[in-house]
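Q: Please walk me through reading the salt bridges and cores of a protein model. Where do we begin?

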Amino acid sequence: MTRPLLLLAALPLFAALPASFEEHTIATALRGGYQVVVADLNHDGKPDLIALASGLPELVWYENPTWERHVIVAGQSRMINCTVVPVGGDPIPDIVLTSEFSNIAKQSSGVVSVLHHNGEPRQPWTIREIDRLPTSHRLRTMKIAGETVVVNAPLTAADAEPPDYRGRTPIVYYLPGEWKRHLLSDANEGLVHGIFIDGADILTAGFEGIFRFRLAKGGWTRTEIAKGDPAPWPKSGSSDIAVGHIAGDRFLAAIEPWHGNQVAVFRPKRTVIDDTLVDGHTILTADLNDDGSDEIVAGFRGGPHSVYIYYYDGGKWTRFPLDNGGMAAASCASADLDGDGRPDLVCIGTATANLKWYRNLGR
């Protein structure tokens, strides 16, 4: 389905006009849609889409530009996150997947597996379990000391109990090929929901707030960036985090608190620019209108389940709907899917059980 999203009627005067978007539904019936990952899985130079739905037993990908559906692996339970990993000498990446997830640690096996193609990525891939770590929740690929690694950030400590989820929550990583678990840090306390790879640094968002982990000569240092929502634990802190820039100046954008209602911006002072989200779950930044500054994209799964874009114009952020009611966004990503040089948006929905591409038509 294609539906134009016209965002230009009755707009205030902006230094740079907002972008407009054309909506395409790529897939439906994605029960428990949770994560979308952009990756070229068939080495044709076009970014494809991996769709992870926690309520389905199959991890699937959609081939650009026809969006034909292919099964990567079947027989999975409660998948929660995946990431792609480059393989030396192979143009097709591996995929690392975590499954058997629950918010309650004693009910979560936290299975971590490596998926490898068998020469034809459109056919089912092989799967090999490499670890079990309760509440394994967020997987990201980054470089540590020049080596590509996969970072695994569990939601809680292995002995944590709701609703406070007290305990030391670890961050671990795996070196591809070796696939052994290495502890990066267990300094975070309580639930940690969001992780953002910021170059060589790692940002985490949880009940304690936002922290930066940086590798130094003596090991990893942990620095508090912001406390997030000041409400008492367990309604405190941050849920998801992204880094953006306005005219070259860095800012942080966060959803607060856990699965919260607020979009907060840190420049460095905390400013709440929206408090109307219901079960906020995904946030990212991208320069969508080619004005040299990043916009904020935030999606939420509850209530009217929508996706909003926030544009900055001098002294304020102005909100525009990207999708009003048709996308219970658990995850969104930005990439140029059609090769026109403009960053598009793609989101996967939980209650709406769908995957949509929002094609950027420019200003």
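**Buried charges and cores**

A: Begin with a pair: Asp323 and Lys356 are both buried. Buried means under 20% relative accessible area, exposed over 50%, and partly exposed in between (1.4 Å probe, protein chains only). This is a predicted model: local features need pLDDT of at least 70, side-chain atom pairs count only at pLDDT 80 or more, and totals for chains, interfaces and linings use all residues. Residues are numbered from 1 along each chain as its sequence is written, and side-chain values use heavy atoms, leaving out hydrogens and water.

Q: What joins the side chains of Asp323 and Lys356?

A: A salt bridge, with N to O at 2.9 Å. The term needs a side-chain nitrogen of Lys or Arg within 4 Å of a carboxyl oxygen of Asp or Glu. Asp323 sits in strand β26 (residues 316–324) and Lys356 in strand β29, 33 residues apart. Strands (E, at least two residues) are DSSP runs, numbered from the N terminus.

Q: Which residue forms a salt bridge with Glu23?

A: Lys356, with the closest N and O atoms 3.1 Å apart. Glu23 is in strand β2, 333 residues from Lys356. Glu23 is buried at 0% relative accessibility, and Lys356 at 5%.

Q: How many salt bridges does a search of the whole structure find?

A: It finds 20. One network links Glu22, Asp338 and Arg359.

Q: How many residues are in the largest nonpolar core?

A: A nonpolar core is a set of buried Ala, Val, Leu, Ile, Met, Phe, Trp, Tyr and Cys residues joined through side-chain atoms within 4.5 Å. Here the largest has 27 residues. Ile50 and Ile95 are among those touching the most other members.

Technical notes. Helices (H or I, at least four residues) and strands (E, at least two) are DSSP runs, numbered from the N terminus.
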